[in-house]
Amino acid sequence: MDNIIEKIRKENLLGRSGSMFPVCLKWESVKNSDQKERYVICNASEGEVETFKDYYILKNHKEDVIEGINLAIKEMEAKRGYIYLNASYFDEFGKELQEFCGEKIKVIKKRGGYIGGEETSVIEAIEGNVPEPRIKPPFPSQVGLWGLPTLVNNVETLYCVAKINKGEYEGERFFSIFGDAPNKGVFVFPKDISVRELLEKTNNIPSFDYFVQVGGGGGGDIMLPSEIDCTINSLGSVIIYNKEIDKYQLMKKWANFFLEGNCDKCTPCREGLYRIMEMIEEEDFDEIEKMFFVMQKTSLCPLGVVAVKPFKTLLEKIIYKENENKN
Amino acid sequence: MKIKINGKEVKVKEGETILEVAKRNDLHIPTLCFHSDVKISASCRICIVSANGNLVTACSTKVCEGMEVITNSLEIDKARKTNLELLFSQHQEECYDCIWNLNCKMLDLAKEFDARINIFEDRKSSYPIYHFGSSLEFDSSKCIDCRNCIDICKKQGVEFLDLQENGNLMETVPSEKENRDCVYCGQCIVHCPAGSFEAVGEFEKTKKPLKEKNKTLIFQIAPAVRATIGEEFGLPYGFPSMEKLVTCLKEIGGDKVFDVSIGADFTTVEESKELLERVEENRLPMLTSCCPAWVKFIEFYYPEFIPNLTTVKSPHIILGGLVKKHLAQKIGVLESEVTVISVMPCVAKKEEIEREQIKIGNLKPVDYVMTTREVARFFKNKKIDFKNAKNSPADNPFGDPSSSGVSYGTSGGVMSSAFFNISGEEAEFKEERKGLKVAKVNYNGNELRLAVVHGLGNAKKVLEELKEDPLKYHYVEAMACYGGCIGGGGQSVPMNEEIRKKRKEGLCLSGEDKKVKKAKDNPIINSTYEDFLKDEEVIKEICHTSYKKKEKSFIRKTNQKGENEN
């Protein structure tokens, strides 16, 4: 019989945080480490705007998530496991979850903003430090919590692992649909469903003119209705917007989200976002491409890369065109 | 292991960063936040290069087999230039009043990459200035958020500089915690690439003492300054410049120029006496006290060690006292008509001269402290040609120190002077760990364990050891700054391990030609004890002081106009 890592490999399970990183490689890397003391972290920080799939999974399928964590602990021969839990989820059901987990798994309340959910920030936070990203490499699977090999997986990833282990996994994925969606909620569908099918099957094709944001209400890409015949290769989150929405307000909301949520450590992300906010306020985008360039190419962690996506896609697909039409 | 840089194959060792490899191969990669004394933060994103097609920071990226690195391309230039423009967008320029004196990495980089330094309005132009005692200022409008200061402050074991959330931004601020205070070592000054930290009064207040007419103006030069000030004028690191400095100080109005190394000889003699007394009376360990940042560190963080600090005053305070109380009479001027300016490698000395406990009655032994940087700036403003200045000896009677006195400028100098003075022997030290060397010596049949430590973080570890085992060391010399005063917070920038090493060599050279080696053999010491330091009362007044537990000091905050904000 295949061991769990082989099973995961066969199913080609990709990280459900949106990273789309092959899960079996992370597991192997930790398992094959020379260091004997290891840790497992279930990342339940879910910090994206209007995205609630991990919340839904923890509320409805916590047994499977915990089973996934325990499978990881066993496979890694880990010393212990942690659930790093979104602060408001922690307030709502953290205590209950802790009781359910037993002693081997510790539930920890998330500190800091959006960046606090990045895997190396999670490790810093659990160690009691300022939740800030570390320089990678080394990756957590080699040098993680307390400098020891650490597996960091998303809630949904660990849920899938449990399902795979039981032979019940059918390639399903959780999709969070919010914003101006007529029928908001979290839905389960095959992972390769197209955005259009997803909206159709959940009765979420709006009657008004719309566009969507795919991959998170902060760092997701803006897509026009003509572009949605594709699968989701990032976070399982779709936000629907009425096309009449004040797009400058929307951009300010994103800018605020990232300004609040980043760690302010590296120049391009800290200053680039500050100037992007200024450019939105002044509706002057002459220098914005350069901000996008340094954020995408030279940020210290993925946040700077992700943060560019909504602005760039909204500007290019909608705002610049609208402005052209006005002139 | 091999990699390719710009198409050329080079040998590398595992674990090396791209920046290290480039330096070894004389390839230029621009850096800004990188400093060999602090941990790599990779925050400024200037040392961007391409590795296997991705832009990465050279300072933090380790090489791997077959890696292809490109250090120059249009894309790399664009990244560096834009990040530089963003750094300038937060940094309020005040180039005329900056410790980097236009010799600044940021400006160099701006030229190298044609950065438009004013493309954005300065984000921090209304940010406050924080004032730390009489020693230090932090102008947060210049801060570029590299956090080197926080790291070095932490490394010093002080942890006074901290990150605090301000709206959406994490910013560097002085800690509000009651159990954290600045000790004025000034290491933040010399590790900030943006000139956000400076000494109080640097450089606005340096002219004042020189305008006081009808006064006898005495300059006294600290040991370490002679091996560093030349740097400011294009002389090699460590170039012994005492005699040039004397000439130039005379040129700007100094009536007499003395050598604080003689003050050091007095300190040595007094400290040797105290050591022997303490050995006799079992009042060990004894801790040195000539470093004011170390003294403040004890008074604030480890007050339980106050009784262990030697009561001997620091060299320039003793010398200032002798000048005002003894020499003034001899040359026929009133003590109130003498102005003593100490030329110091240190910003904590600015706070030290304000201490009540060092006064002689109501008299301040030293009126002003000017740092190496301030004096250099003054010469530059006065268009004084330091580099080509002729050599003049320091003035008598306080111009000819022992070689021991000169060695006070570097870590280990105080300790070896004192031990040499009492035993006539050189103690053999072994490096125990980074920043700490230890010697076991025999004195009159007793084993004495001597410890020399530099860097406050290292000194903190020694104090912790002494808490566990109070007689682990019997006599400890501690200097707050790395390498001792040659690495002081008042010294020229840039500063790093390599530079400190050269300064130390230069200082040793400066001491070599001294006729007298031992402090107590110095004729001026003996004649001063015979003429003036005759009874215990006078010795106590001139040479000894006391210490007191310190509470957290008030951190004044002003706006850019200098108006109080708290």
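Student: How do β6 (residues 129-132) and β20 of chain B pair, and over how many bridges?

Tutor: β6(B) and β20(B) pair in the antiparallel sense, over 3 bridges. Strands here are DSSP runs of E of at least two residues, helices are runs of H or I of at least four, and both are numbered from the N terminus. Two strands pair if DSSP finds at least two bridges between them.

Student: Which residue in β20(B) is the bridge partner of Tyr130(B)?

Tutor: Lys557(B).

Student: What sheet is that in, and which strands are at the edges?

Tutor: An open sheet of 4 strands of chain B, in the order β10-β7-β6-β20, with antiparallel pairing. The edge strands are β10 (197-199) and β20 (556-558) of chain B, each pairing on one side only.

Student: Before going on, what kind of model is this, and how are the labels set?

Tutor: It is a predicted model: local features need pLDDT of at least 70, side-chain atom pairs count only at pLDDT 80 or more, and totals for chains, interfaces and linings use all residues. Residues are numbered from 1 along each chain as its sequence is written, while chains are lettered from A and ligands numbered from 1 in the order in which they are written.

Student: Next, helix α2 of chain B. Is it mostly covered or mostly uncovered?

Tutor: Mostly covered, as 12 of the 17 residues of α2(B) are buried. Buried means 20 or more other C-beta atoms within 10 Å of the residue's own, exposed means 12 or fewer, and partly exposed is in between, with C-beta atoms placed from the backbone. Among the buried ones are Leu84(B), Leu87(B) and Phe88(B).

Student: What covers them?

Tutor: The cover includes α10 (267-282) and α11 (288-298) of chain A, together with β3 (48-51), β4 (54-57) and α3 (105-112) of chain B. Contact means C-beta atoms, placed from the backbone, within 7 Å.

Student: Over to chain A. Where is Ile115(A), and is it buried or exposed?

Tutor: Ile115(A) is in the loop between β3 (105-109) and α6 (119-126) of chain A. Ile115(A) is buried because 25 other C-beta atoms lie within 10 Å.

Student: What does it touch?

Tutor: Leaving out residues up to four places away in sequence, Ile115(A) touches several residues, including Ser121(A), Pro133(A), Cys263(A) and Leu303(A). Pro133(A) is 18 residues from Ile115(A) in sequence and 7.5 Å away in space, C-alpha to C-alpha.

How values were computed
Two residues are in contact if their C-beta atoms, placed from the backbone, lie within 7 Å.
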